[in-house]
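Hi,

Here is the structure I promised to pass on.

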Amino acid sequence: MTSATSTDSTDSTDSAISTDSTDFLAPARLGRLGLPHRLVMAPLTRNRAEADGTPTDLMVTHYTQRASAGLIIAEGSTPNPVGQTYPDITAIHTDRHQQGWRKVTDAVRAAGGRMFLQLQHGGRVSHPATTGLIPVAPSPVPLPETIFTPGGHRPAAVPREMTADDIRATVADFASAARRAVDAGFEGVEVHSANGMLLHQFLADNTNRRTDGYGGSVRRRVRFAAEVTEAVADAIGADRVGIRISPASTVNGVHEDDTDGLYTALLDRLKGLDLAYLHLVRSAPEAGWYRRIRAQWPGLLIGNPDLTDLTTEAVAGAAREMLAAGADLVALGRPFLANPDLVERLRVGAPLNPVRDRYFMYVGGAAGYTDYPALADQTSPSSDSMVALDGARVA
């Protein structure tokens with residue numbers, strides 16, 4: 001499978017590409033970027049931003065600690081105010097947001113790292129108690145579960161159906177956010193079309209009940225996700241743009257009756273753009289949809305294995321299996337969260353830190369975020385077992 005879409009990088013990390021296609025420590029390429037290895041830090045929402053979405057100094061520390069990842073895909077950032085999902089998540093639609101992210105990217109780059117930023121609009125996964133705004137969605141179908149707000153978990157609100165003007169404005173907001181991300185020092189962006197967020201809500205038949213040009217047939221339901229991705233690619237260059245999808249996922253109450261046809265239609269529209277990558281959430285090499293997408297997609301593919309046993313051996317084995325199944329890079333979430341030096345631990349076969357669920361999400365602070373020790377800092381051995389947590393919401 002392809003591992004390059006451009007050769008204009010001045011980075012020489014790919015000077016000795018391994019002949020072992022399952023060697024996750026071998027150098028690789030991602031568009032214009034040379035990567036030191038094939039392990040990617042997946043986007044992980046941890047609710048540590050300021051209330052207005054500006055990244056904090058704590059986040060600078062968190063990402064800099066993990067700069068040894070081949071690529072960091074930073075957590076989902078909203079392109080406009082109504083797109084905010086939970087309290088204290090990041091955004092990228094004001095000068096202040098951009099300046100906050102610049103502190104992060106400058107520090108990570110100084111530490112030798114490379115970053116993309118995920119652009120995420122929550123759609124119906126939002127609440128007026130958090131944003132002061134009625135959520136928007138393809139259709140007025142509420143989230144079938146409670147949602148976390150500044151006042152705790154509350155019943156979901158009924159979203160307002162997006163008008164044609166709303167759709168055009170949101171496409172423009174994604175493009176503007178992408179330009180801000182590049183100006184903030186990111187190498188590129190990932191369009192979030194997965195996990196029941198707004199773009200996925202347009203794809204799924206149970207959340208998209210529209211009868212206009214954005215609903216009904218699969219060709220119409222993929223239109224919004226395609227238009228967002230096309231606009232972002234036009235704004236910053238396709239080789240700076242990835243897209244994340246989660247075929248067959250039921251996260252946040254979405255349902256797809258026609259997964260194969262849906263993603264065939266979406267990828268048929270996108271594959272001619274020559275995007276930087278396609279990111280598959282919870283990739284299962286044995287799944288038929290995974291094999292079909294890998295065969296259909298002509299470009300670089302990032303696989304995200306569905307990890308349950310998170311020991312050193314299991315994580316390394318899953319990475320090799322993912323590469324053997326045709327992925328070009330492997331995205332890992334919880335292992336990078338709990339192990340700032342994950343790459344070194346896997347290289348030497350060292351035990352992994354356990355994830356501490358008490359500090360996982362919605363809590364803020366350094367605990368369970370920047371206080372996970374590196375090997376050199378540990379005074380006692382770490383457990384080599386990690387807790388599988390809230391799998392519907394985290395990588």
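Predicted model: local features only at pLDDT ≥ 70, side-chain atom pairs only at ≥ 80, totals over all residues.

For orientation, the UniProt record (an unreviewed entry) puts a domain called "NADH:flavin oxidoreductase/NADH oxidase N-terminal" at residues 26-352. Over that stretch the chain is 36% helix and 18% strand, with 21 Å between the C-alpha atoms at its ends.

The pair I'd look at is helix α4 (residues 164-183) and helix α7 (residues 223-236), whose axes lie 8 Å apart at an angle of about 35°. The crossing of α4 past α7 is right-handed. On the α4 side, the residues that meet α7 include Ile167, Val171, Phe174 and Ala178; on the α7 side, Phe224, Val228, Ala231 and Val232 are among those in the contact. Sorted by class, the contact of α4 with α7 has 12 nonpolar, 1 polar and 2 charged residues.

Now each helix by itself. α4 has 20 residues, which at 1.5 Å each should span 28 Å, and the 29 Å between its end C-alpha atoms agrees with that. Its buried residues include Asp166 and Arg180, along with Thr170, Phe174 and Ala177. Among the elements covering them are α2 (95-110), β5 (115-119), β10 (188-193) and α7. Just after α4 comes Gly185, with a positive phi of about 105°.

α7 has 14 residues and reaches 20 Å from first C-alpha to last, close to the 20 Å expected. How much of α7 is covered? Most of it, as 10 of its 14 residues are buried. Following α7 is Gly237, where phi is positive, near 100°.

Is Ala204 buried or exposed? Ala204 counts as buried because its relative accessibility is 0%. Leaving aside neighbours within four places in sequence, Ala204 is in contact with Arg221, Val254, His255 and Glu256. Thr312, by contrast, is 108 residues from Ala204 along the chain, and their C-alpha atoms are separated by 36 Å.

Happy browsing!

Key: Residues numbered from 1 in each chain as written. Heavy atoms only, no water. Axes fitted to C-alpha atoms, helices over the stretch in contact; angles between N-to-C directions. Helix = DSSP H or I, 4+ residues; strand = E, 2+ residues; numbered from the N terminus. Left-handed = near helix turned anticlockwise from the far one by under 90°. Contact = heavy atoms within 4.5 Å. Nonpolar A, V, L, I, M, F, W, Y, C, P; charged D, E, K, R; others polar. UniProt positions renumbered as here; feature names shortened; annotations may be inferred. Expected span 1.5 Å × (residues − 1). Buried < 20%, exposed > 50% of the residue type's maximum accessible area, 1.4 Å probe, protein only.
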